[in-house]
Structures are given as C-alpha cells and as structure tokens.
Amino acid sequence: MKKVFFTLAMLCGAMMGNAQVTDEQSAILQNGDNAQIFYGEDALKDAMEAAPDRGATITLSAGTFNACEITKCVNIYGAGWVTDNTPKNNENTADNSIRPTNITGRVDVNLPETLTPPHNIHLEGLRFNNGFNAVTTSEKTNIIDGLELVKCYITGDFGNNGVAFYETEHKNIQLIQCCLSVGRLCAFYDMTLENCYVGIGNSFIGHTTKAGNNLVFNHCLVNCGWYSSYGGHGPFVCLNSTVWLADKEANQIYRYCMMQDEALDAGMLGSTNNFFGINWEESFNDPGGFAYSDTRTYELKTPDAYMGDDGTQIGINGGKYPWNKAPHTPVVKDLKLTISGKQLKVDYQAETR
C-alpha cells in the first residue's frame, strides 16, 4: 500500500505541473489522463521514448539528468536553474530549498520529417549545461517550426555552426527570460529573444545565407566580448536593450538601446533613439557591470531616464516579461492522501516561488 500511495502522490504532483525536490531524479510523463513515472539519471530519455509524437508533458524533479534528443513535440518542465534557499512562513531553510534541474550533455532537437509543423515545443525551468542545438547536417535539414524556451539557462554553444544550419529556415523560435552564457551564439533563421541575458564569450554568428531572416533582441542584456568574423554576421534588430559589444556592423539596427559607444557609425541605417556613453559600472543598482550571477537583478539606478518605445524601462526589467528566474510551476507541499471507497481525496498546500 505504501508504494501505491507514493505513486499517487507523484501523479498529483504531475497534475499540478510541479517539479519538486525528490530523493531520486524522476520524470513524470503526462498524456491526457494517463501518467507514467521514470526514475534515475536517464529518466528524461526514458520519458521521451515513451511519449507520443505530440501533446505530452514531461515534468522533471530537481537533480541532474542525462541529456537526450528531443524527437517529439512535447512540453518539458523543470524546477529552474538556481537554488532558492529563501525561508517561507518561518520554516527551516534546509527543508524548503528548491534545487535546480540540470541537463548534462548536449541537447539536440532532432525531429523526424514525419512530424509536420507547427511543432509547438515548450521547455521551461531547465539548466542546459553542455549546449543546445538544432540537428542540421548536409543530409538532414528538417525545419523546426515552433520552439519556446522559458526561464532556461544555457551554457556551451547555442544553435549549430554547420554550413547546412544556415540553409535551414528554423522559425518561430522564442526565448523568454532565459540566460545564455554561451561560447557561440548561432542564431536561428527566425528567432526572438525577450528579456534575456545574452552573454557571448566567443563569437556571435548570425544567419547569412537566406533572405528574410528575422533575429530580434527585445528588452535584453546583450554582452559579447569578442566579435568573431567566423561565418559572417547576419543582420539583427536590437530593441530596448542594454548593449555591450566589442564591435558592430552596418547590417544591424539598434533602437532605444543603452550603449557604451559615443555614437554609431554613419552607415548603420535605421538605428534611432539610442542612449550613448553609458558607464555600466555606475548604471546598475548592483555592482558588477554586465557580469552574470544568479543573485544579480540588473535594475537601473535611474530607470525613468531610459524609457523604451513601449513606455517601459530599457533592459531586462522592462517590457512584457520583467526579469524573473522562478519557474511558473508552483511548489506543492504537505500532500495527504486518503481513500474513501473508490474515491481518492487529496489535501495539499501550494505556494508560488
């Protein structure tokens, strides 16, 4: 009976969309009214293999999981990328900690051609520790149409720097409230980043070989220390953002951005209403310039002095998705299950993060 109760408790957690702390890594696969539970470092891989081609949700506990290819149109939710030890309701901190969900190994999106668009893949509250890529080779150019990453942390390379990658029109790609601490950023053909920290330590590679590409940074913190010439630089539009780039090019457009530059080159047509000569060590409430840490807020000292085209402050604390790393999934606590005849009664407490 104890085993049955444990399974029921985990299923209730899945129904709540909760990725909570457990003693062992677990992945709950939810498909309609049916649920399965997988355990261990390969739980994500096992859940992916068991999932139908479309519509299922995989909820991961905190802990470290081995990477797997994303081969299905699924939703994957984790517990976030940071550790939260903040006491709630005067409880013991150690009993209330929220640990991150780590994915170790490179994650590739590798959809079979039988999966026709739109794909509508949603990933949230995950820490990718070894890169995130679209599988694109000279033999495989299947287009990803509909991919959303929300409140995710990505280190390693993002995208794919193969030649065939530039020939593939991956589209409807959106990143919201994500942190990219990457070596290379290889932009997708049609991609929007909203309220993201974009730290590029090696090179930025834009999409160069297809007309009509669309890369937009909106209310982002864009930080690239070395601007490589590898592969060329595709055009992009940067809006309402705080920007530090070692170099800029004429095919880029900046509007309502804060920059360290004194001005933009005359050939950069379309750029307007920017703020120049910004000293980043003096502009944020918390010290550290553009350096990343989990505790940084990047709040401007004088936000009212730097307003974007949407009437909100420039940077990652303005716009539609002000900077917030906590996943949308609630923390479910104190699950109590009782059986009355054929009915299962569940009592629990749910708290926002």
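Asp108 is buried, at a relative accessible area of 10% (buried is under 20% relative accessible area, exposed over 50%, partly exposed in between, with a 1.4 Å probe and protein chains only). The term means a side-chain nitrogen of Lys or Arg within 4 Å of a carboxyl oxygen of Asp or Glu.

## Basis of the values

The model is predicted: local features need pLDDT of at least 70, side-chain atom pairs count only at pLDDT 80 or more, and totals for chains, interfaces and linings use all residues. Residues are numbered from 1 along each chain as its sequence is written, and side-chain values use heavy atoms, with hydrogens and water left out.

By the salt-bridge rule, the count is 3.

## Asp261 and Lys248

Asp261 and Lys248 form a salt bridge through their side chains, at 2.7 Å from N to O. This pair links distant parts of the chain, 13 residues apart. Asp261 sits in the loop between β22 (258-259) and α4 (280-283). Lys248 sits in the loop between β20 (242-245) and β21 (252-255). Helices (H or I, at least four residues) and strands (E, at least two) are DSSP runs, numbered from the N terminus.

Lys248 is buried, with 10% relative accessibility.

## Asp286 and Arg296

In the salt bridge between Asp286 and Arg296, the closest N and O atoms are 3.1 Å apart. Both residues lie in the loop between α4 and β23 (331-340), 10 residues apart.

Asp286 is buried at 15% relative accessibility. Arg296 is buried too, at 6%.
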